[in-house]
Structure formats: structure tokens, C-alpha cells
Amino acid sequence: MAMTSWPSTGRQRRHQLASMLLLVLVVVGINVPVFALLPSLSYTPQSLPSAIPQDEKMISRKFYIKDDNFWKDGNRFQIIGGDLHYFRVLPEYWEDRLLRANALGLNTIQVYVPWNLHEPKPGKMVFEGIGDLVSFLKLCEKLDFLVMLRAGPYICGEWDLGGFPAWLLAVKPRLQLRTSDPVYLKLVERWWDVLLPKVFPLLYSNGGPVIMVQIENEYGSYGNDKAYLRKLVSMARGHLGDDIIVYTTDGGTKETLDKGTVPVADVYSAVDFSTGDDPWPIFKLQKKFNAPGRSPPLSSEFYTGWLTHWGEKITKTDAEFTAASLEKILSRNGSAVLYMVHGGTNFGFYNGANTGSEESDYKPDLTSYDYDAPIKESGDIDNPKFQALQRVIKKYNASPHPISPSNKQRKAYGSIKMQMTTSLFDLVRMTDPADVITSANPISMESVGQMFGFLLYESSYIAKKSGNTLRIPKVHDRAQVFVSCLSQDVDVGVLRYIGTTERWNNQPISLPTIECTTNTSLFILVENMGRVNYGPYIFDDKGILSSVYLDGQILHGWKMIPIPFHNLNQEPNLTFEMQHTKNRSKKFELTNDVGRKEPALFAGEFSINSEEEIKDTYLSFNGWGKGVAFVNEFNIGRYWPSVGPQCNLYVPAPLLKRGKNTLVVFELESPHLELSLEAVDHQDFTCGSNVSKVNQL
């Protein structure tokens with residue numbers, strides 16, 4: 001059993017098509033590499049302490065479990081923590097958000113490590129920028145936080161594929177994720193051979209902040225492979241030694257604890273459960289799955305809010321109810337970790353998704369991961385939930401609390417005029433044949449090497465005078481269908497929008513009669529809207545995953561054309577010669593024709609006059625259709641105001657600069673009639689019909 005070889009044409013294709021896309025923006029005078037979506041965000045905190053050398057440590061420096069209590073340096077310790085994810089916050093704001101968690105009264109930070117962020121391609125490890133885990137952990141240490149590290153390899157977390165790299169789905173024979181499949185475990189071992197040595201110097205016994213390391217996540221809600229869990233424990237112990245507490249987290253029921261816990265005396269089993277449940281019967285059950293004396297009561301995910309999918313009403317939970325539920329735990333010396341203390345943002349294409357009872361009941365998560373947490377997406381703490389939780393926590397954490405920081409200032413920069421730069425047809429026309437993958441039948445995004453974003457499928461057919469019927473039995477996740485006489489006259493060719501079929505609303509599409517002198521060209525643009533991160537359907541390949549049927553017959557002869565947008569924490573993978581583009585710029589003509597429903601790139605600029613005026617802002621997409629937006633080369637996420645509830649995308653100030661700032665959007669449907677966007681100073685979750693109910697998982 002071996003991994004599939006990575007196609008060299010996949011790498012070349014991304015370089016070449018990205019260069020073509022960049023060319024268009026230069027024509028409108030925007031001299032920035034639009035798809036190099038991560039500026040250098042490496043964060044180097046000043047005077048961050050390294051782990052204390054072994055010979056300088058106090059002999060008593062130890063965190064352990066005894067007599068059903070946590071102990072820190074010989075004293076009983078109550079964990080009052082919160083989840084805060086470094087990969088959902090710009091590095092420049094890590095300290096700000098941690099200081100706000102400190103002001104709330106927390107003494108511990110719990111944090112996931114997403115494998116896919118750190119190994120976006122097989123063997124390519126990334127620990128810079130927003131992925132600089134070590135700097136984040138050292139910053140926690142500087143601010144006197146302990147850390148509970150959730151090392152995975154599966155994390156859930158409303159994160160694409162539960163943190164698994166998407167390229168795992170392209171391995172042949174197919175991997176059995178979250179099992180003792182030896183090929184899968186070998187890849188986990190390769191990943192942890194890089195990750196865990198970075199963590200080892202930061203363990204509490206070595207002078208660092210890390211007191212506990214979690215393996216897997218809520219495994220009892222998924223599987224029952226004890227050999228798999230024992231192997232993960234063995235891997236973790238091999239790198240981290242016997243002093244560190246290794247723990248699991250499972251729902252507070254007998255069934256989930258039966259399946260998800262490790263029957264080893266030195267592995268601690270924590271629980272999570274719905275806010276408002278009586279915690280103490282669950283903690284009593286927890287004791288049955290821990291060794292005698294090794295079951296301090298811990299709710300490792302105390303929910304301060306809940307996630308929201310597109311098309312649902314934004315989640316809101318009552319502040320006083322949440323605080324009272326927390327006090328039921330803390331008042332009897334129980335420990336709790338707030339999930340989330342600060343949610344942050346699903347930048348790039350990394351948002352996750354859920355399903356209902358069927359795979360087709362697909363529910364992608366918002367770009368905002370505000371979570372109705374006490375520290376809002378923009379860092380605001382002037383809200384009833386923060387105040388209510390702070391009042392409770394101060395009763396049980398006697399450590400001095402700093403003065404609560406004030407809310408960060410925001411600025412409305414006003415209207416931003418946008419200009420159409422290139423259409424989907426232009427992208428097709430500019431594509432080099434060497435970039436195109438051909439196959440008798442459509443193949444998945446992962447098999448093409450396009451892990452995120454969009455993939456364009458092209459075929460052709462003979463149109464009937466009475467029209468044709470197109471059916472795609474399995475598409476993940478959303479397909480827009482176009483036809484064209486592309487081979488007839490490319491100089492005036494357009495892609496004629498026919499309809500959309502979706503994973504959750506898969507309907508046949510009627511193709512109207514179109515008179516072409518040769519076969520009619522068929523184009524299907526498929527959007528990957530985020531992989532499922534929880535439940536039985538996490539094996540979530542993207543693209544067209546079945547044959548395509550035309551009038552009941554399989555349509556053969558396909559081309560796959562990747563659209564190379566960059567994802568979060570991806571460095572530029574191309575070089576661009578400005579003089580060369582100037583020489584070729586005469587080939588392009590701009591248009592403001594927004595009447596036809598065809599995906600297109602739009603670009604605009606706004607200016608900031610001074611450093612003092614650089615503030616957080618929000619981009620309002622009211623009046624636009626659906627797409628993805630980039631600010632100064634950074635992918636700030638997806639927008640979909642017609643479905644809602646999220647109207648605005650959060651733009652943190654560190655992404656902005658004095659002078660000209662560039663905004664680029666890839667609009668899939670219909671741009672604003674006036675071709676403008678508004679930079680406003682507030683969050684807005686009032687878009688769409690919001691008729692769906694929010695269901696906890």
C-alpha cells in the first residue's frame with residue numbers, strides 16, 4: 001500500500017493560471033499579487049521567555065492528578081480555562097485576545113492543532129505566520145496561562161475535514177481515517193514526529209506552559225477502535241514522556257465514554273455536555289472511566305454559545321443562564337474550559353461543515369466563528385456574557401485580574417468602487433492546455449490536486465432542438481452550469497448561465513436549445529464550500545463524484561481546469577514580472593456589464609491617510625450574491641448575504657496599511673448593481689431568510 005504520486009502538472013498548473021489571473025488586475029492599476037493571500041504575518045513577541053533550562057527549574061514544578069484533584073507544584077488547582085485558536089486570529093492580535101481572556105479571569109488556554117494548516121501538502125511542514133504554534137504557546141506562558149494542547153490528529157473544531165489534510169483523501173488505496181489502518185497511522189506518526197518535538201520543550205515539567213495533551217477528540221461519538229487510541233497514546237508518550245497528562249474528551253454518556261476512553265491507568269478521561277445539564281451526575285459517571293483517585297471533575301468543553309451554518313439564524317445564548325451553569329461546576333471545585341472564550345474567524349477556505357442524518361443534508365459553517373463567545377469576533381468584551389461570566393469566575397480564581405481592556409476601535413471607510421476585471425470565460429480563454437487535466441469521466445478535486453476553492457469541469461455535447469436534460473447524481477458541494485459555442489467564435493464568446501445544482505438540493509437541469517455550428521460546450525463550476533468535520537460523513541471528497549448524465553446517457557470526455565486561489569497561510573508560489581505584464585496589457589478590455597450571471601473577478605481600492613486611521617473594519621456585502629473576498633492579498637473568507645445570516649466580513653486592522661488598500665472579490669452570481677461595497681464599523685447577522693432552526697450536535 002502506497003500513497004499516490006503527486007502530479008507534477010498540478011504544481012505547474014497553479015503557477016501558470018495564477019499568473020494569468022494576476023495579469024488582469026495590473027490592467028486596472030492594482031499592482032499587487034492578488035492570489036498571494038498571506039502577507040508575512042510571522043509574529044515575534046518581544047522578550048518571550050524560552051522554556052526554563054532543566055537545571056534552573058524548581059524541583060517542585062509539576063502538574064499532576066491525585067485524590068481526584070489537579071495539583072500544580074504541590075497545591076490543589078482548579079482549571080478555569082477557555083478555548084482560543086491561534087489559527088482563527090491574526091498573530092498581531094494573539095496577545096490582545098489572550099489579555100482579554102486574562103481579564104475574564106481564566107488561568108488556562110485550551111487550543112487545537114490543525115494538521116491541515118501545518119502540512120498543506122505531503123511532507124511540506126508550515127509553522128510560520130498564523131501557524132506559528134511555538135510563538136503562540138510561549139506567549140501564553142509569558143501571560144501566565146497554562147495550556148491544554150489538543151494535538152489530534154482529528155480535532156473536529158468546525159474546521160475543514162476536522163483538521164485532517166485534504167490530500168489524505170487522494171491516497172490510494174483509500175485510507176481508513178480514525179482507525180488503526182497502518183498506512184494512516186504511518187502518516188500520523190510522520191506528522192507527530194514533527195509536531196511533538198516542538199511541544200516537548202514547552203511541557204510544564206520542562207519549564208513551559210503545557211500541562212496536558214489531548215489525543216483524538218470525542219472519539220466515542222464516532223468509533224470504537226481501542227487499538228487505534230492505544231497507538232496514539234504510545235506515540236504521544238514516546239515523544240513527550242510519562243510526566244505529561246495525556247487525556248481524551250468525550251460526551252458525558254455511558255455509550256460515548258465506553259467507546260472513546262482508553263483503558264490505560266495513566267490516560268485521563270474528560271467529559272463535555274450541553275450547557276444547562278446537571279453536571280454532577282455526569283462527573284460521577286466520569287469517575288467510572290478513570291483510575292481510582294484520577295478523576296477530577298472537568299468539563300473540557302463548556303459551551304458559551306454554539307456554531308451557526310449558512311441559512312440559519314445566528315446563535316444567541318442567554319448570558320445569565322450560561323454564567324449560572326458555569327457556577328454549578330466551579331462552586332463545588334469542578335473545573336471547566338469555556339468553548340469558546342473567543343471564537344475568531346474562519347479565514348480562507350478552512351471552514352468546516354456538518355450533515356444531518358444523510359450525507360446530502362449538508363450544512364456549511366459561516367466565515368465568522370464568533371460563536372456568541374464572551375470575547376466577540378472583533379475582540380469586544382463590552383457585552384452581558386463577558387460581564388456575567390467574569391462575575392462568577394472572580395469568585396473562584398483569587399489571582400489578581402488586570403483591568404479589562406477597552407473594545408478596539410473600528411472605522412467605516414465608506415464606499416469602495418469595484419470594477420469587473422475578468423470573467424469566467426476569460427479564465428477559460430487564457431488557460432494554457434498544459435494546465436488542464438483530461439479524463440473520460442469527471443474526477444474529484446483532491447485527485448486533480450485542487451484541495452480548496454473551485455474547479456471548472458468542461459465537456460461538450462450535441463444539442464437537441466427540444467433541449468437536453470443534465471443530471472449530476474453526486475456533486476460536492478455546489479455546481480453552476482453554463483453552455484457556450486466556445487469553439488465557434490472565441491472573440492465574442494460568452495458563458496450562458498443555465499442553472500445551479502447543489503448537494504442539498506440536487507435537481508436535474510434543463511439545457512435549452514443553443515445553435516452552435518459545432519458541438520455545444522458545457523462548463524460546470526464546482527465550489528468546495530468546506531469539508532464535513534463531524535460525524536460519519538467526514539470522508540468528504542469534493543467536486544463531481546459521479547458520472548454526469550445527459551438525457552439519461554453518461555457524458556464522456558472531460559477537462560478539469562483548476563482555479564488557483566490561495567488558502568490561509570499559503571505563501572506566494574509564483575514570480576511576476578511587472579514589465580512583462582505591461583507589454584501584454586493591451587490584450588484586455590474592461591467592462592462594467594453586470595447583466596449576465598457569470599462568475600467574475602472584481603477589484604477596487606480604498607485609501608487610508610495615516611497610521612492613526614488604520615482600524616478594524618467590516619466589508620458589507622449587502623446587494624452582492626455569493627463569493628470569496630481578498631484584502632491586500634489575504635483571503636478574508638466567503639460571503640453569501642442572500643442566504644445569510646452573515647452580511648459582513650471582518651477585516652482586522654493588521655491586514656490594512658497606510659495608502660492604497662486593495663480589495664478583490666470573486667463573485668459567483670450577481671454583483672451589486674452599482675458595483676460598490678461598503679466598509680462599515682459593525683458586525684451584521686441580519687441577512688437572508690434565516691428560516692432554519694439551529695440544532696446542537
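Helices (H or I, at least four residues) and strands (E, at least two) are DSSP runs, numbered from the N terminus. The structure is a predicted model, in which local features need pLDDT of at least 70 and side-chain atom pairs count only at pLDDT 80 or more, while totals for chains, interfaces and linings use all residues. Residues are numbered from 1 along each chain as its sequence is written, and side-chain values use heavy atoms, with hydrogens and water left out.

Next comes an open sheet of 3 strands, with antiparallel pairing and the order β1-β2-β3. Its edge strands are β1 (63-66) and β3, each of which pairs on one side only. Neighbouring strands of this sheet are turned by 45° against each other on average, direction ignored. Strand β1 is joined by 4 bridges to strand β2 (residues 69-72), and the two run antiparallel. Lys66 has Asn69 in β2 as its bridge partner.

Now to the empty space. Rolling a probe the size of a water molecule over the atoms shows where such space is left. On a 1 Å grid over the protein atoms alone, a cavity is a set of points where a 1.4 Å probe fits but cannot get out, and a pocket is an open set with protein on both sides within 12 Å along at least five of seven lines; lining residues have an atom within 4 Å of a point. Grid points are joined across faces, edges and corners, and a volume is the space filled by probe spheres set on the points.

The largest pocket has a volume of about 560 Å³. It is lined by 25 residues, of which Lys72, Phe77, Asn107, Asp144 and Ser399 are the closest to its centre. Strand β3 (residues 75-77) gives the most to this lining, with 3 residues. By class, the lining of the largest pocket has 11 nonpolar, 9 polar and 5 charged residues. In this scheme Ala, Val, Leu, Ile, Met, Phe, Trp, Tyr, Cys and Pro count as nonpolar, Asp, Glu, Lys and Arg as charged, and the others, Gly among them, as polar.

The count of cavities of 30 Å³ or more comes to 9. The second largest cavity holds about 130 Å³ of space. Of the 17 residues lining the second largest cavity, Thr308, Ile314, Ser368, Asp370 and Tyr371 are the closest to its centre.

Charged side chains also meet in salt bridges (a side-chain nitrogen of Lys or Arg within 4 Å of a carboxyl oxygen of Asp or Glu), and the count comes to 34. One of them joins Lys385 and Asp372 (2.8 Å, N to O). Lys385 lies in helix α10 (residues 384-396) and Asp372 in the loop between β13 (362-364) and α10, so the pair ties together parts that are 13 residues apart in sequence.

Most residues other than glycine have a negative phi, and most peptide bonds are trans. The bond from Gly644 to Pro645, however, is cis, with omega near 5°, and Pro645 lies in the loop between β30 (634-639) and β31 (648-651).

Methods:
Pairing = 2+ DSSP bridges. Axes fitted to C-alpha atoms, helices over the stretch in contact; angles between N-to-C directions.
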